[in-house]
Amino acid sequence: MSSDFSTRPTALITGASAGIGQATARWFWERGWNLVLWARRIDRLEELKRHLEQDHRAAGTGTGACIAIAEVDVRDRASVESAYGLLPEAWKPVQLLLNNAGLSQGLNAVHESDPEDVDRVLDTNIKGLLNVTRVVVPDMKKAGRGQVLHVSSTSGKETYPGGGVYCASKFGVEAIAKSMRQELLPFGVKVGTVSPGMVDTEFSLVRFKGDAERARSVYDGLEPLHAEDVAEVIGFMATRPDHVQIADILVMPKAQAGSGMVHRT
Ligand code: 8X3
């Protein structure tokens with residue numbers, strides 16, 4: 001660990017093995033932050049860590065920053081508590097918690113929703129986010145600094161047919177963020193959401209349970225956001241001067257004007 005370790009900021013990112021989480025990890029890494037990366041797929045995290053470290057070595061731009069990875073399913077309270085507990089005290093409080101782990105399952109009307117899909121979505125997007133928040137935020141509060149950003153969605157603003165359960169989870173994320181901002185106001189901890197529309201990640205592949213063709217067709221005839229676009233927004237939110245608190249950024253592709261409202265060519 002380099003001597004200036006404690007002077008550089010640390011970002012803890014959930015769901016860091018792919019998509020927005022992975023792109024955001026890279027964004028902060030390139031700017032010299034320490035990273036704490038959590039995901040279920042530890043092999044993907046190991047590969048990401050290797051790549052990031054190699055990039056610095058190859059470019060000769062090593063900044064002395066460190067990466068800690070852990071296999072964490074945010075739904076599993078014990079795994080969240082143990083991963084945070086095992087993080088050396090020198091890493092705490094993290095400057096930024098990015099609650100990114102989240103997913104959708106299926107596109108069914110509410111009355112036709114699959115109970116297992118419902119559990120998976122609400123357990124991850126709401127209860128998982130709470131599990132992580134509960135272990136990370138007390139150290140921020142104690143130190144009187146830090147920032148929590150939750151990845152919400154256009155689906156946290158508007159509903160669409162077939163999106164009821166996923167939208168409920170993201171409306172829930174927005175409610176949690178607003179309450180947290182009020183609760184943490186006296187303690188110097190900032191809270192916000194980033195709300196992306198269509199992003200070209202594994203999101204649709206996961207929603208449609210591996211049906212690659214159906215997943216691809218979601219983005220037919222338009223250019224969706226790329227994970228890097230959202231990473232830039234998150235990076236911007238996290239690097240404002242201390243007195244600036246961005247509550248929410250809603251970001252969509254040019255070809256989208258709201259949930260389910262897209263222009264295809
Ligand atoms: C996902 C937003 O527009 O792909 O959070 O359903 S969308």
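Buried means under 20% relative accessible area. The views below come from a predicted model.

**View 1. Met180, a buried residue of helix 5**. Met180 has a relative accessible area of 6%, so Met180 counts as buried. The residue is found in helix 5. Leaving aside residues up to four places away in sequence, Met180 touches Thr133, Val137, Val148, His150 and Val191. Take Val137 from that list. Met180 and Val137 lie 43 residues apart in sequence. In space, their C-alpha atoms are 10.0 Å apart.

**View 2. Helix 5 and what covers its buried residues**. Helix 5 runs over residues 164–184 and has 21 residues. From first C-alpha to last, helix 5 reaches 30 Å. That is close to the 30 Å expected at 1.5 Å a residue. Its buried residues include Tyr166, Cys167, Ser169, Lys170, Gly172 and Val173. Further along, Glu174, Ile176, Ala177, Met180, Arg181 and Leu184 are buried too. An α-helix has 3.6 residues a turn, so residues three or four places apart point the same way. Among the elements that cover the buried residues of helix 5 are helix 4 and helix 6 (203–207). The cover also includes strand 5 (147–151), strand 6 (190–196) and strand 9 (248–251).

**View 3. Helix 3 against helix 4**. Helix 3 spans residues 77–86, and helix 4 spans residues 115–143. Their axes come within 8 Å and cross at roughly 25°. Angles under 35 degrees count as roughly parallel. Helix 3 and helix 4 are therefore roughly parallel to each other. Their crossing is right-handed. Helix 3 makes the contact through Arg77, Val80, Glu81 and Tyr84. Helix 4 contributes Asn131, Val132, Arg134, Val135, Val136 and Asp139. By class, this contact of helix 3 with helix 4 has five nonpolar, one polar and four charged residues.

**View 4. Helix 1 packed on helix 8**. Helix 1 covers residues 19–29, and helix 8 covers residues 227–238. The two pack at an angle of about 55°, with their axes 8 Å apart. Helix 1 and helix 8 are therefore oblique to each other. Their crossing is right-handed. From helix 1, the contact uses Gly19, Ile20, Ala23, Thr24, Trp27 and Phe28. From helix 8, the residues in contact include Ala227, Glu228, Val230, Ala231 and Glu232. Ile234, Gly235, Phe236 and Ala238 of helix 8 also take part. The contact of helix 1 with helix 8 divides into ten nonpolar, three polar and two charged residues.

**View 5. Helix 1, mostly covered**. Eight of the eleven residues of helix 1 are buried. They are Ile20, Gly21, Ala23, Thr24, Ala25, Trp27, Phe28 and Trp29.

Conventions:
Residues numbered from 1 in each chain as written. Predicted model: local features only at pLDDT ≥ 70, side-chain atom pairs only at ≥ 80, totals over all residues. Heavy atoms only, no water. Axes fitted to C-alpha atoms, helices over the stretch in contact; angles between N-to-C directions. Helix = DSSP H or I, 4+ residues; strand = E, 2+ residues; numbered from the N terminus. Parallel < 35°, antiparallel > 145°, perpendicular 65-115°, else oblique. Left-handed = near helix turned anticlockwise from the far one by under 90°. Contact = heavy atoms within 4.5 Å. Nonpolar A, V, L, I, M, F, W, Y, C, P; charged D, E, K, R; others polar. Expected span 1.5 Å × (residues − 1). Buried < 20%, exposed > 50% of the residue type's maximum accessible area, 1.4 Å probe, protein only.
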